[in-house]
Amino acid sequence: MKKYIFILLAATLTLSSCSPFKVRSDYAETANFTSYKTYKIRIDDLKLNDIDKDRVLNELSKQLQTRGLQSGENPDLIVNVKANHKKITDINTTNPGGMWGWGGGFGWGIGMNRTWTSNYNEGAIIIDLIDSKTNKLIWQGIGSGISVDRPQAKQKQIPQIVAEIMANYPPGMKK
């Protein structure tokens, strides 16, 4: 009985840890992440509509504050946020077999393939943390896979992807 409960628990954890997003991060190994206490968000490169911009900024501020950082006018970190999207074309082909003539599967016959394409836009968010004293990038998080063409999906996906990106900050300290 215990074995079955363990298998069920492992399967649940595996399924719940799946994410539709691709998230990655990189950081400067020389940075002292414990010394950063304040931040200021810069949105010069954040080319989003006002609704999506608010979603990104609200979640980002929340994530930074849960990590002990406070917003300030003379910050330790400059947080630069960017967003972009690209057109994706998926091509799918299936071969359901076909119709066969005499001799079972070894004779003459006709095989039919079906091919279809779908086009959609996929969005990404890039978060750069810059040391304000040295003006050098110390951490970068990138998340992609936002359904740009579906407003209701974006409503949930934007806060979720920002949280997943920030889960890698500070490096080495999983939340």
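In this predicted model, Tyr169 touches Phe33, Tyr36, Arg67, Leu69, Leu77, Leu129 and Trp139, leaving aside residues up to four places away in sequence. A contact here means heavy atoms within 4.5 Å. A cis peptide bond joins Tyr169 to Pro170, with omega at about -10 degrees. Pro170 lies in the segment after α3. Most residues other than glycine have a negative phi, and most peptide bonds are trans.

Tyr169 is also among the residues with the most contacts inside the largest nonpolar core, together with Ile125, Ile127 and Trp139. This core has 27 residues. A nonpolar core is a set of buried Ala, Val, Leu, Ile, Met, Phe, Trp, Tyr and Cys residues joined through side-chain atoms within 4.5 Å. Buried means under 20% relative accessible area, exposed over 50%, and partly exposed in between (1.4 Å probe, protein chains only). Two or more core residues come from each of α2 (50–66), β4 (77–94), β7 (114–131), β8 (136–147) and α3 (151–166). α3 gives the most, with five residues. In soluble globular proteins, nonpolar side chains tend to be buried together.

The buried residues of α3 are Ala153, Lys154, Gln157, Ile158, Ile161, Val162, Ile165 and Met166. The helix bends by about 30 degrees at Gln157, and Pro159 follows within four residues. The bend is the angle between axes fitted to the seven residues ending at a position and the seven starting there.

The chain has three helices and eight strands, in the order α-β-β-α-β-β-β-β-β-β-α from the N terminus. Helices (H or I, at least four residues) and strands (E, at least two) are DSSP runs, numbered from the N terminus. Buried residues make up 34% of the 175 residues. Of the contacts with a separation of 6 or more, 69% link residues 24 or more positions apart.

Asn135 sits in the loop between β7 and β8. Its phi is near 60 degrees, a positive value in a residue other than glycine. Asn135 is exposed, with a relative accessible area of 62%.

The chain averages a pLDDT (the predictor's confidence in each residue, from 0 to 100) of 82, and 78% of the residues score at least 70. Over residues 2–16, pLDDT stays under 50, and the model has zero contacts there beyond four places in sequence. Where pLDDT is low, the predicted coordinates should not be read in detail.

Residues are numbered from 1 along each chain as its sequence is written, and side-chain values use heavy atoms, without hydrogens and water. Local features need pLDDT of at least 70 and side-chain atom pairs count only at pLDDT 80 or more, while totals for chains, interfaces and linings use all residues.
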